[in-house]
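Please walk through the arrangement of strands, helices and core residues in the model shown here.

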Amino acid sequence: MSKIIDCNKVNPASGCAHVVHGETEEELLRNAAEHAKEHGIVDVTPELMEMIKANIEDEVTA
Ligand SMILES: [Zn+2]
């Protein structure tokens, strides 16, 4: 099952509607780190990684 991260849930202050997709958690986190660069975040800190992981959801394709 694909996994997603809703950028707006990780950082509501961003006002960003981007949703990161990944086939696996590894791919998802890699894509999330790529997307973070668009917010000027070059270093994904352990704290940020925890916030990202806390917002991982299964993609619902019903
Ligand atoms: Zn974003």
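A nonpolar core is a set of buried Ala, Val, Leu, Ile, Met, Phe, Trp, Tyr and Cys residues joined through C-beta atoms within 7 Å. A residue counts as buried if 20 or more other C-beta atoms lie within 10 Å of its own, and as exposed if 12 or fewer do. The model is predicted. Its largest nonpolar core has 8 residues in all: Ile5, Cys7, Val10, Val20, Leu28, Ala32, Ala36 and Ile52. At least two residues of this core come from α1 (7–10), and at least two from α2. The most is given by α2, with 3 residues.

The sheet comes next. It is an open sheet of 3 strands in the order β2-β1-β3, and the pairing is antiparallel. The edges are taken by β2 and β3, each of which has a single partner strand, so one side of each has no neighbour in the sheet. From one strand to the next the twist averages 30 degrees.

The buried residues of α2 pack against β1 (3–6), β2 (19–22), α3 and β3 (56–58).

The geometry of α2 itself can be checked. Helix α2 (residues 25–38) has 14 residues, which at 1.5 Å a residue should span 20 Å; the end C-alpha atoms are 20 Å apart, in agreement. The expected span is taken as 1.5 Å times one less than the number of residues.

Which residues of α2 are buried? They are Leu28, Ala32 and Ala36. These residues lie on the same side of α2, because they cover an arc of only 80 degrees around the axis. An α-helix has 3.6 residues a turn, so residues three or four places apart point the same way. On the face of α2 turned away from the buried side are the exposed residues Glu26, Glu34 and Lys37. After the helix comes Gly40, whose phi is positive, near 80 degrees.

Leu48 lies in helix α3 (residues 46–54). Is Leu48 buried, exposed or partly exposed? Leu48 counts as partly exposed because it has 16 C-beta neighbours inside 10 Å. Leu48 and Val10 are 38 residues apart in sequence, with their C-alpha atoms 8.7 Å apart in space.

Val60 lies in the segment after β3. Val60 is exposed, because 8 other C-beta atoms lie within 10 Å of its own. From Val60 to Pro12 the separation is 48 residues in sequence and 21 Å in space, C-alpha to C-alpha.

How values were computed. Residues numbered from 1 in each chain as written. Predicted model: local features only at pLDDT ≥ 70, side-chain atom pairs only at ≥ 80, totals over all residues. Helix = DSSP H or I, 4+ residues; strand = E, 2+ residues; numbered from the N terminus. Arc of directions from axis to C-beta. Contact = placed C-beta atoms within 7 Å. Pairing = 2+ DSSP bridges. Axes fitted to C-alpha atoms, helices over the stretch in contact; angles between N-to-C directions.
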